[in-house]
Amino acid sequence: MIVSSPASTHEAALTLLLRQGECSAAELAAQLAISVQVMRRHLRSLEEKGFVEASPQTLGRGRPSNRWRLTSAGRGHFPDGSEHFALGLLQSLSQSLSSNEVQALLYNQAERQANSYRHLIGAGALGHRLEKLVELRRKEGYVADCEAEPGGRSWMLQEYHCSVLRVAEAFPVICDQELQLMRHTFPDCAVERVHWKLEGGHACGFRLEPLS
């Protein structure tokens, strides 16, 4: 990845930290094809804006090396969609319906969305369908990618930025809906959640393995 201006370098660094959780200045510099000294200046600028923070880590002898990660303001730099409307709607529903009824409504929504996804991604190999899903999710405001795991049978779908994160923080049942969504979208796979942002992970991760 090569960037050409301070603004684009800032955006690229923030996106890398979102995807990878935390990095050293040297790791970011290598990925952005700039010097470590220049990268440190960018990180200090982002730190002054409140978008990143550092924690020292000692590896063997020598002075500690900073590991950089996004702050809540840095994560909020990425678009969150229509969370205010969704929060208000769920709060209204929770006041008039039981928790089981709210959950049933969300699961029905997950099934309808999965039907739409299956139509859009079509048939074919699991990797091909996952790549199409990643494209759709990116258009919806997610920062996502997928890759085959060692052995080539199972795949990992990672979502580093969730467009409904603030809604999920208030209504964790939304995350259960997301898991059901993935299972309905890929009914020929065993789907399990292996990372979860609400439990402190830097991404929500789903492992998919074909059933046959």
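This is a predicted model: local features need pLDDT of at least 70, side-chain atom pairs count only at pLDDT 80 or more; totals for chains, interfaces and linings use all residues.
**Entry 1: the second largest pocket**

I began with the lining of the second largest pocket, which by class holds 6 nonpolar, 7 polar and 6 charged residues. For these classes I counted Ala, Val, Leu, Ile, Met, Phe, Trp, Tyr, Cys and Pro as nonpolar, Asp, Glu, Lys and Arg as charged, and the others, Gly among them, as polar. Residues are numbered from 1 along each chain as its sequence is written, and side-chain values use heavy atoms, with hydrogens and water left out.

Which residues lie nearest the centre of the second largest pocket? I found S72, R75, L165, K197 and G201 there, out of 19 lining residues. The volume of this pocket came out at about 400 Å³. My search ran on a 1 Å grid over the protein atoms alone: a pocket is an open set of points with protein on both sides within 12 Å along at least five of seven lines, a cavity is a set where a 1.4 Å probe fits but cannot get out, and lining residues have an atom within 4 Å of a point. Points are joined across faces, edges and corners, and a volume is the space filled by probe spheres set on them.

I then looked up which elements contribute to the lining of this pocket. At least two residues each come from α1 (6-20), β2 (65-70), α4 (72-76), β4 (155-161) and α8 (165-170). Helices here are DSSP runs of H or I with at least four residues, strands are runs of E with at least two, and both are numbered from the N terminus.

**Entry 2: the cavity**

How many cavities of 30 Å³ or more does the whole structure hold? I found 1. C162, C175, E178, W196 and C204 are the closest to the centre of this largest cavity, among the 14 residues that line it. The space inside the cavity is about 100 Å³.

The cavity lining divides into 10 nonpolar, no polar and 4 charged residues. α8, α9 (173-185) and β6 (204-210) each give at least two residues to this lining, and α9 has the largest share, with 3.

**Entry 3: cysteines and rings**

I checked for disulfides (cysteine sulfur atoms within 2.5 Å) and found 0 in the whole structure. Is C146 buried or exposed? C146 counts as buried because its relative accessibility is 18%; the cut-offs, with a 1.4 Å probe and protein chains only, are under 20% for buried, over 50% for exposed, and partly exposed in between. C189 is buried too, at 8%.

Next came the rings. I did find R137 over the face of Y142, at 3.9 Å from the ring centre. The test for this asks for NZ of Lys or CZ of Arg within 6 Å of the ring centre and within 35 degrees of the ring normal.

**Entry 4: loops and a few contacts**

A33 sits in the loop between α2 (25-32) and α3. Its phi is near 60°, a positive value in a residue other than glycine. Most residues other than glycine have a negative phi.

G50 is in the loop between α3 (36-48) and β1 (52-57), and is partly exposed at 28%.

R183, in helix α9, is partly exposed at 36% relative accessibility. Its C-alpha is separated by 9.5 Å from that of A110, 73 residues apart along the chain.

What is the relative accessibility of L133? I read 0%, so L133 counts as buried; this leucine belongs to helix α7 (residues 126-139). L133 and R118 are 8.9 Å apart, C-alpha to C-alpha, and 15 residues apart in sequence.
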